[in-house]
Amino acid sequence: MNPTLTNAWKELAQHAREWSGRHLRDVFNADPNRAQRYVAEACGIQLDYSKHRINDRSLQLLQGLAEETGVRSRRDAMFAGEKINNTEKRAVLHIALRNRGSSPILVDGQDVMPGVRKVLEHMSAFAERVRGGAWTGRGGQPITDIVNIGIGGSDLGPLMVCEALKPYGHERLRMHFVSNVDGAQIHQTLRKLDPNTTLFIIASKTFTTIETLTNAHTARDWFLASGATEADIARHFVAVSTNTPAVTKFGIAAENMFEFWDWVGGRYSLWSAIGLPIMLYIGPQHFTALLDGAYAMDQHFRSAPFERNLPVLMGLIGVWYANFLGSPSLVIAPYNQNLHRLPAYLQQLDMESNGKGVRADGAKVDYATGPIIWGEPGINGQHAYFQLLHQGTHLIPLDFILALKQQDLDPKHHAILIASCFAQAAALMRGKTGDEVRAELDKAGTTGERTELLIKHKTFEGNRPSSMLLLETLDPLHLGALIALYEHKIFVQGAVWGINSYDQWGVELGKQLASGIENALTGDGGALDYDASTQRLIALAKERVNLKR
């Protein structure tokens, strides 16, 4: 449905006007219990949303919007295995991949759970052989390096989790991720490796993805050039795919192909066989804990009242900013170095899901949908993009993410880290008034015109909103819950906006055009049905670089 036609939407539009000129500093002063009331907790994650431009009325109306737009029924339909991805006629069941309960999950009347468990057992048995040293390379030595070759969801999710859980990684195994078809990445990676102790994972559902297959064949050629035989490929290459003929033609043994399903979207697939590099690195036990954390969040999302439901609260607050307060952007600012790839992962997860201008029913939207997601570890950001957040002209909410405990914890470093995170959230909210700046300058002995100039430059408006997400610890269990929290937050927003969050037609056109342009660059190319600018660029590239194979 069109959310703008609901009563709640109309009331929210009116309510938003009440926030004009209202400052969060004053809101806190007027409500001493605000910090205690606007906190929700589940699965070892605490969400402090008190520093947002909301009050009880805002939350009441937003929850009413969720009810009117069918968030509850759409959530239940997803968990029931209904084909909520209507353009591709598919169920959306990443939740089945981490289902730790005994209840079946049905698609077209068939329980998918036996198949899910079978793949997990296959992954686990393989991971134990590699980690234990029973799986060896062609020279009889244990594997030391694992190269995951994929792109998009087949790269970002496993990469992010392996980086986040480095303290849990196998001490012998070094992980490498190759996604870019720019040959620099694959060649720079291979240069560091011993072909006798390297294992490649080729992750491609169809085994036709051009970037992935180009890199895979480069790796294969490199391996054979080292003196290996075609028969040796089966010891050094495995696949995550559904295309058995293409996999075996490449030289990978069918028993070393790990399958997944069309009801798993790429950006939601790290829980599936796409997560094989994660399991190899951290082991089956820790991978199971990752699933356990996500399952716990699934159950929370499915059962908690909206007023205490973390994904619902985060999703609705995001709708509030995007559609009523004119803020189209969201910063992800983790304050743990091991989460440094989380912003990039969430960028794909959110923007590929909700970057839609058409509702699920085919009607064009006339309201904002998916936010622009960006970010970098917060400590680095404080010396970079935070300047714009503090004093720039854009209203940009932030998600601060901090694990209170983690492996390799150094108390001195960690105290500074925590203090910096809390201080930035406080500074963004409260700001600094001209009177406060004047008092500082007077104390420093600054006088006259310089005082008046510096007051203008050193005043911070404040009133900049943020969420604080506190993890009890950064371990597989809590990371699983955090990822699932964002997955469901995205679901909530897509449901409110009436869009299909689970297709991605927008990535197809560029792929189609690239094939024709590649032919033009490497051969005669035939007639070029491209705009004048593209034709000029093709001609320039052919003139400057010999690209013929």
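Predicted model: local features only at pLDDT ≥ 70, side-chain atom pairs only at ≥ 80, totals over all residues.
Trainee: Why is the contact between Asp76 and Arg75 called a salt bridge?

Mentor: The cut-off is 4 Å between a side-chain nitrogen of Lys or Arg and a carboxyl oxygen of Asp or Glu. For Asp76 and Arg75 the N to O distance is 3.3 Å, so the pair qualifies.

Trainee: What makes Arg98 and Glu487 a salt bridge?

Mentor: Their side chains meet at 2.8 Å, N to O, and the limit is 4 Å. Arg98 is in the loop between helix H6 and strand S3, while Glu487 belongs to helix H22, so this pair ties together parts that are 389 residues apart in sequence.

Trainee: And why is Arg98 called buried?

Mentor: Arg98 has a relative accessible area of 0%, and buried means under 20%. Glu487 is buried too, again at 0%.

Trainee: What about Arg174 and Asp145, what makes them a pair?

Mentor: Their closest N and O atoms are 2.8 Å apart, within the 4 Å cut-off. Arg174 is in strand S6 and Asp145 in strand S5, so the bridge links parts 29 residues apart in sequence. Arg174 is partly exposed at 47%, whereas Asp145 is buried at 2%.

Trainee: How many salt bridges does the rule give?

Mentor: The count is 23. Asp31, Arg37 and Asp56 are linked in a network of them.

Notes. Residues numbered from 1 in each chain as written. Heavy atoms only, no water. Helix = DSSP H or I, 4+ residues; strand = E, 2+ residues; numbered from the N terminus. Buried < 20%, exposed > 50% of the residue type's maximum accessible area, 1.4 Å probe, protein only.
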